[in-house]
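Subject: Structure handover

Hello,

Here is the structure I promised you. Please open it first, then read my notes below.

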Amino acid sequence: MLPLNPTISEAPGGVYFDLVRRFPLRPLRSEEELDRAIATVDSLLDREALGVDEQDYLDVLSDLVERYERDEHPMAPLPDGQLLAHLVEARGVTQAELARETEIAESTISEVLSGKRALNRKHIGKLSRYFGVQPGTFSDPS
């Protein structure tokens with residue numbers, strides 16, 4: 001009989017199944033389960049290298065953590081100015097560099113950052129391409 005997933009060790013003591021026995025892969029239903037799942041994720045991330053079985057397990061468990069946190073602890077979207085400030089800081093660019101690269105007036109960028117102005121669709125398109133994020137990351141202009 002062929003294995004269902006040939007990359008997962010089939011031996012009863014295989015790494016993947018050891019991980020599943022320690023923390024089963026099923027929907028998280030409580031904060032206690034979330035805490036245990038995060039501790040398990042952290043312990044795997046602390047390793048220098050992961051085998052295929054460990055990486056597969058980590059991928060699935062991370063998805064379960066993300067789903068629980070999204071459903072139980074939704075975050076309100078950031079105002080465009082705060083989001084843009086974060087992206088600018090993370091990219092390590094100045095307002096002048098951003099204006100030059102996106103062809104958005106520096107005064108417009110400054111007004112968005114200070115909360116005096118909202119982004120329009122054209123700005124959102126340029127900024128999403130520049131920062132490599134989905135346009136929906138920014139507020140949808142009315």
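**A buried glutamate**

Start with Glu-54, which counts as buried because its relative accessibility is 13%. Buried means under 20% relative accessible area, exposed means over 50%, and partly exposed lies in between (1.4 Å probe, protein chains only).

A word on the source: this is a predicted model, where local features need pLDDT of at least 70, side-chain atom pairs count only at pLDDT 80 or more, and totals for chains, interfaces and linings use all residues. Residues are numbered from 1 along each chain as its sequence is written, and side-chain values use heavy atoms, with hydrogens and water left out.

Where is Glu-54? Look in helix α3, residues 52-72. Helices (H or I, at least four residues) and strands (E, at least two) are DSSP runs, numbered from the N terminus. A polar atom of the Glu-54 side chain lies 2.7 Å from the backbone nitrogen of Gly-51. Glu-54 is also in contact (heavy atoms within 4.5 Å) with Val-15, Leu-19, Leu-44, Arg-47 and Ala-49, leaving aside neighbours within four places in sequence.

In soluble globular proteins, nonpolar side chains tend to be buried together. A nonpolar core is a set of buried Ala, Val, Leu, Ile, Met, Phe, Trp, Tyr and Cys residues joined through side-chain atoms within 4.5 Å. The largest one here has 16 residues. Leu-84, Leu-98, Leu-127, Phe-131 and Phe-138 have the most contacts inside it. Helices α4 (80-91), α5 (95-102), α6 (106-113) and α7 (121-131) each give two or more residues to this core. A second, separate core has 14 residues, including Ala-37, Leu-61, Val-65 and Tyr-68.

Back to Leu-127. Not counting residues up to four places away in sequence, Leu-127 touches Leu-84, Leu-98, Thr-102, Ile-104, Leu-119 and Phe-138.

**Rings**

How many aromatic pairs does the whole structure hold? The search finds three. Rings of Phe, Tyr and Trp (its six-membered ring) pair if their centres lie within 6.5 Å; planes under 30 degrees apart count as stacked, over 60 as edge-to-face and the rest as tilted.

Tyr-16 and Phe-17 pair edge-to-face, 5.4 Å centre to centre, with 85 degrees between the planes. Tyr-16 is buried at 14%, while Phe-17 is partly exposed at 32%. Tyr-130 and Phe-131 also pair edge-to-face, at 4.9 Å and 85 degrees. Both Tyr-130 and Phe-131 are buried. Tyr-16, Phe-17 and Tyr-57 form one aromatic cluster.

Best wishes

Note on methods: Polar contact = N/O pair within 3.5 Å; in protein donor to acceptor, adjacent residues only side chain to side chain.
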